[in-house]
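This report looks at how side chains meet in one protein chain. Please keep the sequence and the structure in view while reading.

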Amino acid sequence: MSTIAQPVSADRPTWELYSTCIQCGLCLNACPTYRVLGMEMDSPRGRIYQVLQVESSKLPVAESFVTHIDRCLDCRGCESACPSGVQYGRIVERARAVIEREFRRPWLQRKLRNYFFNSVLRDQRKLAGWARRLRFLQKSGLQKLARATGILKLLGLANVEKLALKFDEKFYFDELGQAFPAVGKVRGRVAFLAGCIASVAFAELNRATVRVLQQNGVDVFVPREQGCCGALHAHAGFRDQARELARNNIRVMLDGKFDAIVTNAAGCGSTMKEYSDLLEHDPEFAGRARDFAAKVKDVTEYLVQLGIKPPAKKVTGRITYQDPCHLAHGQNVRTQPREILKLLAVDFVEMQHADICCGSAGTYNVTHNELSMQILDQKMNSIKGVKPDTIVTANVGCVLQLRAGVARHNMKADVKHLIELLDEAY
């Protein structure tokens with residue numbers, strides 16, 4: 001893949017972005033890290049101030065700056081709360097690109113980041129290979145042994161291990177290149193993004209998503225050459241790599257025969273809807289990126305827009321819904337999942353602070369585990385207030401985090417992706 005040189009401003013926070021912040025502080029209560037830590041430097045307002053200081057050469061790109069920018073979940077809850085329309089997500093992602101270029105992280109951290117972002121996530125064979133190895137460890141009993149002997153606790157990995165993915169027996173990569181016909185009258189045709197991690201750990205969710213679309217009269221195509229969407233790269237400051245991945249997906253998925261490009265992962269959808277930002281200075285792809293972004297739909301958004309087929313039966317038990325951040329704040333998709341739940345549930349009850357981050361945030365619950373767990377505890381306290389039988393969300397990272405929260409708080413509740421619930425009802 002070719003890489004087109006970007007103007008310096010493309011990967012730096014610009015005055016046009018951060019000058020819109022009027023330092024009013026209305027973002028503070030919407031910020032999960034500020035709610036836990038109570039520190040101005042770990043609030044959106046405080047981070048924007050630090051970015052301004054760096055850009056005016058009054059603050060170095062050093063450990064303090066990196067710590068506060070890295071602590072941000074990039075949940076974008078502050079964007080929903082902001083009266084001035086600050087595009088905070090774009091500011092923090094560009095700040096991380098600056099850090100990636102100008103700050104030298106510790107050797108091991110640097111090597112692990114480079115291997116994960118630049119090798120594993122960009123190569124399906126490597127990702128599948130690691131997933132098979134880790135699946136063997138899980139099935140062999142070695143993982144349980146490490147837990148029982150206390151080795152994980154000794155290494156400081158006990159809490160991280162509880163968040164470990166359960167790898168599928170049959171990866172979704174096998175279904176790339178296939179077409180799945182609509183059931184009954186054809187009402188739509190879509191390209192489906194299978195995702196990278198989702199293809200090895202949530203393959204059954206992908207299959208459920210395809211079945212739900214088929215039940216709603218949709219022909220589903222899973223383009224063979226698709227790859228990672230680039231969301232994790234963009235969030236971590238690897239913007240050039242995110243651009244390469246975006247160009248590839250545009251080449252293989254932007255086609256006039258598709259009404260929409262559908263995903264079941266909020267983080268993927270949010271980034272794909274912003275390919276036009278990543279590629280705005282690319283003369284070949286800027287226009288195509290805008291066309292691509294306009295076609296991207298979360299599966300819940302697409303189904304409601306199409307006119308969802310009501311399920312034959314309703315789900316019993318009390319259900320509550322947690323908004324994935326990049327669905328609610330990144331894409332402003334809030335009502336559509338709830339419309340589906342009202343068709344599905346006998347007893348649907350809203351929790352308090354449904355759109356405050358659960359602390360998952362991509363790889364955040366691994367890299368900032370202790371803070372992530374504190375944020376999760378606040379979310380679980382909100383959930384306990386409605387005493388649900390099932391906690392529903394619409395993003396795979398949130399599913400993992402909330403399952404860890406249920407175990408951590410000794411709750412008796414299932415955690416499911418909304419599409420899993422809809423598939424069961426059909």
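Tyr115, Trp130, Leu134, Phe136 and Leu137 make a nonpolar surface patch of about 480 Å². A patch is built from residues with over 30% relative accessible area and no salt bridge; nonpolar side chains (Val, Leu, Ile, Met, Phe, Trp, Tyr) are joined within 5 Å, and like charges within 9 Å. Accessible areas are computed by the Shrake-Rupley method with a 1.4 Å probe, and for residues only the protein chains shown count as cover. Helix α8 (residues 124-140) gives the largest share of the nonpolar patch, four residues. Helices are DSSP runs (H or I, at least four residues), as strands are (E, at least two), and they are numbered from the N terminus.

The model is predicted: local features need pLDDT of at least 70 and side-chain atom pairs count only at pLDDT 80 or more, while totals for chains, interfaces and linings use all residues. Residues are numbered from 1 along each chain as its sequence is written, and side-chain values use heavy atoms, with hydrogens and water left out.

Leucine 134 is found in helix α8. Its relative accessible area is 34%, so leucine 134 is partly exposed. The classes are buried (under 20% relative accessible area), exposed (over 50%) and partly exposed (in between), with a 1.4 Å probe and protein chains only.

## Aromatic pairs

A pair of aromatic rings is described by the distance of the centres and the angle of the planes. Rings of Phe, Tyr and Trp (its six-membered ring) pair if their centres lie within 6.5 Å; planes under 30 degrees apart are stacked, over 60 edge-to-face, and the rest tilted. Seven aromatic pairs are found in the whole structure. Tyrosine 115 and tryptophan 130 form an edge-to-face pair, because their ring centres are 6.5 Å apart and their planes stand at 80 degrees. This pair links distant parts of the chain, 15 residues apart: tyrosine 115 is in helix α7 (residues 107-120) and tryptophan 130 in helix α8.

Tyrosine 115 is partly exposed, at 37% relative accessibility, and tryptophan 130 is partly exposed, at 36%. Elsewhere, ring pairs link Phe116, Phe117 and Phe238 into a cluster.

## Charges over rings

Arginine 133, in helix α8, lies over the face of tryptophan 130, 4.8 Å from the ring centre. A charge sits over a ring if NZ of Lys or CZ of Arg is within 6 Å of the ring centre and within 35 degrees of the ring normal. Arginine 133 is partly exposed, at 47% relative accessibility.

Lysine 257 has its charged end over the ring of phenylalanine 221, at 5.0 Å from the centre.

## Salt bridges

Side chains of opposite charge can pair when their charged atoms come close. The rule for a salt bridge is a side-chain nitrogen of Lys or Arg within 4 Å of a carboxyl oxygen of Asp or Glu. The count by this rule is 31 salt bridges. In one of these, the side chains of aspartate 11 and arginine 239 meet at 2.5 Å, N to O. Aspartate 11 lies in the segment before α1 (15-18) and arginine 239 in helix α15 (residues 239-253), so the pair ties together parts 228 residues apart in sequence. Aspartate 11 is buried at 9% relative accessibility, and arginine 239 is buried at 2%.

Arginine 90 and aspartate 277 also meet in a salt bridge (3.5 Å, N to O). Arginine 90 is in helix α6 (residues 88-102) and aspartate 277 in helix α17 (residues 275-278), distant parts of the chain 187 residues apart. Arginine 90 is partly exposed at 24%, whereas aspartate 277 is buried at 8%. A network of salt bridges links Asp11, Arg90, Arg94, Arg239, Asp240, Arg243, Asp277 and Glu280.

Within helix α13, glutamate 204 and arginine 207 are three residues apart, about one turn of the helix. They form a salt bridge, with the closest N and O atoms 2.5 Å apart. Glutamate 204 is partly exposed at 46%, but arginine 207 is buried at 12%.

Asparagine 206 is also in helix α13 (residues 203-215). Is asparagine 206 buried or exposed? Asparagine 206 is buried, with a relative accessible area of 0%. Its side chain makes a polar contact with the side chain of asparagine 264, at 3.0 Å. A polar contact is a pair of N or O atoms within 3.5 Å; within protein, one must be able to donate a hydrogen and the other to accept it, and residues adjacent in sequence count only if both atoms are side-chain atoms.
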